[in-house]
Every structure is written in structure tokens, then in C-alpha cells.
Amino acid sequence: MSTPATIFSPQLAARFDKLVTLYPVKRSALVPMLLYAQDEVGYLSDAVIAEIAERIGITESDVRSVISYYSLLRTKPAGKYHVQVCTNICCMLRGGNELFEHCRKTLGVENKGVTADGVFSLEEVECIGACSWAPAVQVNYDFHENLTPEAMDEVLDGYRSQAEKGTGR
Amino acid sequence: MPPISTHPDSVPVVSYRFGKGATSIERYLELEGYEAAKKALTMTPDAIIGEVKASNLRGRGGAGFPTGLKWSFVPKQSAKPKYVLVNGDESEPATCKDRLIFEQDPHAVIEGVIIAALSIQARMGFIYLRGEYRYLLKIMEKAVDEAYAKGFLGKNIFGSGIDFDVVTQTGAGAYEVGEESALMESLEGKRGIPRIRPPFPAVVGLYGGPTIINNAETIATVPHIFRIGAAEYAKIGTERNGGTRLFCLSGHLERPGVYELPMGYNLKKMIYEVGGGIPNGKKLKAVVPGGSSTPVLTADEIDIGMDFDQVGKAGSMLGSGGVVVLDETVCMVEFALRTMKFYRHESCGWCIPCREGTDWLEKSLTRVHNGGGVDKDIDNIRYLAENMLGRTFCPLGDAAAMPTIAFVQKFRKEFEDHLEGRGCPKHRVQEPVGV
């Protein structure tokens, strides 16, 4: 009805149609729309940016300027499972740096790198709000807390087998 | 996530419904849910604000501003619509309490928004969660849908003739958006650049309309004040610091966790009795009492009550309630550097003292820590930090500068030791340089 052609799933398109009507101004829907679109597509591709700009009625350049401000938004694909290791103060005190090093070696990628098979990407991140249960990691949106390198291996193995079965995300 | 931690001294007010299945509206109603909103509907706006003032509730986001007073600043007459905005963009390192509230008791947030809205006659409210807390969006959206289905939100709420809508959304990763004016920018679909004040949000806020902005814990506390009575609530805390606080204990503790304790609870007791003390027989070195932006306290400075005034008197701040405990093995230069790395990453670049200051401070701290520092660095670090104070649109510059000044002031010897040995003694022991 509002947008004839869409690159999003019918569910997400319907959600966006509703989202822009909820606020006093359409543009308020921009930040959540970008995040929800990224969740579905994997990253904010040129096509995603173009459609969101169109839906809100602002320029693509305006949309890009907002994207560059927010750390969760990305314009390049990440792995199927994006491993975000917190090394901020509370996690640092309880082994966050060591956990990041462990992930780096285990996955064989550097910070913000993606594994060759595209299953994992790794990022050292700032505080994720799990300070009393440090060290903590977020894989996509799932929290894993009170981790040790051994427990981290189990977490990664779990995602790897999900990827092999072709499930998840 | 792990549930709230408890101790015999815990006083469950905000956490009264935690772990009791209150995410479902039916269960919430069984646990005195929405009684507070119904009561507020029978009161005048002034009476509602009077009740909140009498409770001595102060903002739980960090600044500790009296909540009732904040609400009273909203003009009664306004040509533009008024709004209530819940700040659930919890991002101050060491803080993980609002997450528990959204997860365990989402209807308390909605009920608090309704009461706040009645006090200023707002017709719309927003609940903004940090982007990383995406799983909470599902919980909040379900709760909002349930409240609409019951007629507690939407047209003619509780049959009162008043209309009130609530929208829930997430951010997308930005510490600065936890600052009220940047939060409004973000909610308007823009980069989270702070606004200059005055005018304050109570007068010119969201979409230019008068706006109440409160931290999630503050808002979720409001229904409990109506549930137990303002006088009862005020009695739990100390003078001018009503009620309880969700303290997030982290770092080198036997039992880290989020505990609900009375305002004014002794910090030493919090560390040694509630948190179980320091593991592995180590000694306490320092405590960051209220989130990463608050000035550090030494082991000798912790015999204080944890309320806004007493921690302020001790030269720090109660902040967001994040208590970080550091044992004797911690390198304070490394800790200061990690703190600064965060603020440099989060500075939006709008104000030059913050943008340039955090970058130079990170560089200076890096060379003091890693080697390559010069003697003048210590004084320069302090000088730079002092010159950031009060010179930025939002408090991010202060948040970076204040802890840095305290680290240099209270642990200067460790900075000097680094320069004398040209690098971190702790890391040298681990990685001997084979020349």
C-alpha cells in the first residue's frame, strides 16, 4: 500500500508501515528501523539504506550520517554469529582481555574480522550491561555471562553446530 | 541473565515483584499491579507531584536530581504536546540494573510512565531501551500490548476519559544517548548530539514540547511509592535520599551481583558483607562507587554511607549505582587508560574539549602505561582533564575528566613508577624484555 516494492520480508515491511505512524514525526522511526532491517538483512546495504530513506522521506546521505553515529549499525556483512567480547573495566577486572585473546586465537580472526566460512565475526566491544556477571560476551543479541575460556569454547561450539545444521540466527 | 542477588539487609521495593512471574499482566495484577495508577487517577497533578516530592526520590540515572521537583518544572499550560520519556539506555560502565527491571517487572515501568504522564497531563510516553538489550524489547512490547488490551493504555485509560499512548523502541549503540538531550535527538531519528541548555527538557523537550525524562529505575520506583506510601518509602533511606537503590556490585568480589539496599547503606559493609569481600585473600585497593565516570575512592575512604550527599561529601558521586571493586593487583594506570579508551570511543565529537581531550588523554595514558612517557605527562594529564571540566554541552566531557583527575591525584605514585621504569611494572614482570 505505502511502498509498492520492498526488499524486506512482508512481516518487516508491515512492521515498518506501522512504525512510521506511531510517532509524532516519521523520522523518529529511523534508528529502530535501521536496527530491525540490519537484523533481517545482516547489514545495511545500499538497497536497505535507499528503501529506508524513501520510507521516511529523507535523503540517503541523512540516513548514512545517522548510521555512522551508532556502534551497532554496520554497512558491511558480519559473520552469521557476531561475537562481541566486552573488555570494559568490569569485564577487564575479571578476565575480559584474556577472553578476547582466546576468541581471537580460537576463531583465527582479528578485531572486526570475519571467519573465512562466514560463520563467525569477532569484535571487542564497550560495556554491554552485564557488569555484575563479568566477563560477558554477546553473540548477536544473546548474552553469555560469567565466562571462562573453557566456557567460551562451549558457547562457540554450540553456535558452530547450529551453523552446520543450518539453523539459528 | 542471573536473577537479583539478595542479602539479609536487602529491602525489596523495586524488586518486590522480581522472580514472581510479573511479566504477565495477570500475575502483575495479583501483586497489587496498576493499583498505583488507579490511585493517581483520583488525584490532581499537584497531589501526584506532592507525593513524589514527599518520597524524597532522586533520579537513579546518576545526577540524583529530586524527581518530584523535576516534574514540577513542566509548565501547566503548553501549546505543544507534553511527553514522558523513559531513559532505558543504560550504558554507564558498571551499571546493569535497569536491565533487571525491564526483564522482571516491565509493567512497573509502564505504570510509572502513566503516573508521570498524569502529573503533567501528557498524552504520550516513550520507553527507550539500549540497542544491546534487544531481548528486552520483546518483553516490553508484550507488556505494552497487554496493557492496551486491558484498557490501561490507549483511549480512555481505566475508563477515566484520558487517552494515553506508549511507544517502546531500542537505540543502536551509543553511550552518549543516555544523556537526556542526546536521547531526545536519537528519538527524533538523528545522531545523538547533545542540545545546549537552557531551555531544559521540562520546558522545550521532545519535538519541542515539555518533557519529563527519567531513568528507568526512577520511573519503576514511582508505582511502589504509591503502593507503600511516600512517607514509608522516604523512611527507608536517609535524609533527602528516599528509599532503596539497585546497587550493581562488580569487579573483585566473592559475590558480585545486583542488590537492592537502602539508600545510605555503608559502602564498606556493602563490599565485605553483601559482596562477600575480596577473593583469594587479596587486599582492597580502590573502589569506583557509582559507575565509570565517578572519581575513585581509596581503600581508606570507603567507610561512608551510599547516598548522593554522603558520597558527594567524600569527593565522589553515587552516580548510577555501579560499584566497582579493585583489589591490590590492579594497575591503576591501566585502569585509567581503559576508562579513557571508552570515553574517547563514545565522544560524539561535537564539543572540541571532549573530542580532543579524550583523544589526547588516551594517547598520554597509553604512553605512560606502555612505555615512552615523559615526566611532564602526569601533570599534563591532570591539566588536560581539568580543562575539559564544564566546557562541553553534555556531561560526557566531565565523565571522562573527573575519574582521570582522581586517578592521578590518588595514585600518582603508580604513574611515577611507570615513568621511572618506563612502563607498567605489572606487565614488565609478565613479559620480560630480553635485550
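**Figure 1. Chain A, read along its sequence, follows the pattern α-α-α-α-β-α-α-β-β-β-α.** The model is predicted, with local features requiring pLDDT of at least 70 and side-chain atom pairs counted only at pLDDT 80 or more, while totals for chains, interfaces and linings use all residues. Residues are numbered from 1 along each chain as its sequence is written, and chains are lettered from A and ligands numbered from 1 in the order in which they are written. Chain A contains 7 helices and 4 strands; helices (H or I, at least four residues) and strands (E, at least two) are DSSP runs, numbered from the N terminus. The C-alpha trace of chain A spans about 50 × 35 × 25 Å along its principal axes.

**Figure 2. Chain A touches chain B through 37 residues of chain A and 48 residues of chain B.** Two residues are in contact if their C-beta atoms, placed from the backbone, lie within 7 Å. On the side of chain A, helix H2 (30-41), helix H4 (60-67) and helix H5 (89-93) are the elements that give two or more residues. H2(A) gives the most, with 5 residues. By class, this side of chain A has 27 nonpolar, 7 polar and 3 charged residues; Ala, Val, Leu, Ile, Met, Phe, Trp, Tyr, Cys and Pro count as nonpolar, Asp, Glu, Lys and Arg as charged, and the others, Gly among them, as polar.

**Figure 3. Chain B is divided into domain 1 (25-236), domain 2 (244-327) and domain 3 (332-430).** These bounds come from an automatic or database domain assignment. The C-alpha centres of domain 1 of chain B and domain 3 of chain B are 36 Å apart. Their contact takes 10 residues from domain 1 of chain B and 8 residues from domain 3 of chain B. The side belonging to domain 1 of chain B comprises 6 nonpolar, 2 polar and 2 charged residues.

**Figure 4. Helix H6 (residues 106-120) of chain B crosses helix H7 (residues 134-149) of chain B at roughly 55 degrees, and their axes come within 9 Å.** H6(B) is therefore oblique to H7(B); angles under 35 degrees count as roughly parallel, over 145 as roughly antiparallel, 65 to 115 as roughly perpendicular and the rest as oblique. Axes are lines fitted to C-alpha atoms, for helices over the stretch in contact, and angles run from 0 to 180 degrees between N-to-C directions. The crossing of H6(B) past H7(B) is right-handed, the near helix being turned clockwise from the far one by less than a right angle, whereas anticlockwise is left-handed. Pro106(B), His107(B) and Ile110(B) of H6(B) meet Ile139(B), Met140(B), Ala143(B), Val144(B) and Ala147(B) of H7(B). This contact has 7 nonpolar, 1 polar and no charged residues.

**Figure 5. Helix H14 (residues 352-370) of chain B packs on helix H16 (residues 396-410) of chain B at an angle of about 30 degrees, with the axes 9 Å apart.** H14(B) is therefore roughly parallel to H16(B), and H14(B) passes H16(B) in a left-handed crossing. From H14(B), Pro353(B), Cys354(B), Gly357(B), Thr358(B) and Leu361(B) meet Leu396(B), Gly397(B), Ala400(B) and Thr404(B) of H16(B). The contact residues divide into 5 nonpolar, 4 polar and no charged.

**Figure 6. An open sheet of 5 strands in chain B has the order S6-S5-S11-S8-S9, with mixed pairing.** Two strands pair if DSSP finds at least two bridges between them. Strand S6 (257-262) and strand S9 (297-298) of chain B are the edge strands, each pairing on one side only. Strand S5 (residues 244-251) of chain B runs parallel to strand S11 (residues 322-327) of chain B, and 4 bridges join them. Ser250(B) has Val324(B) in S11(B) as its bridge partner.
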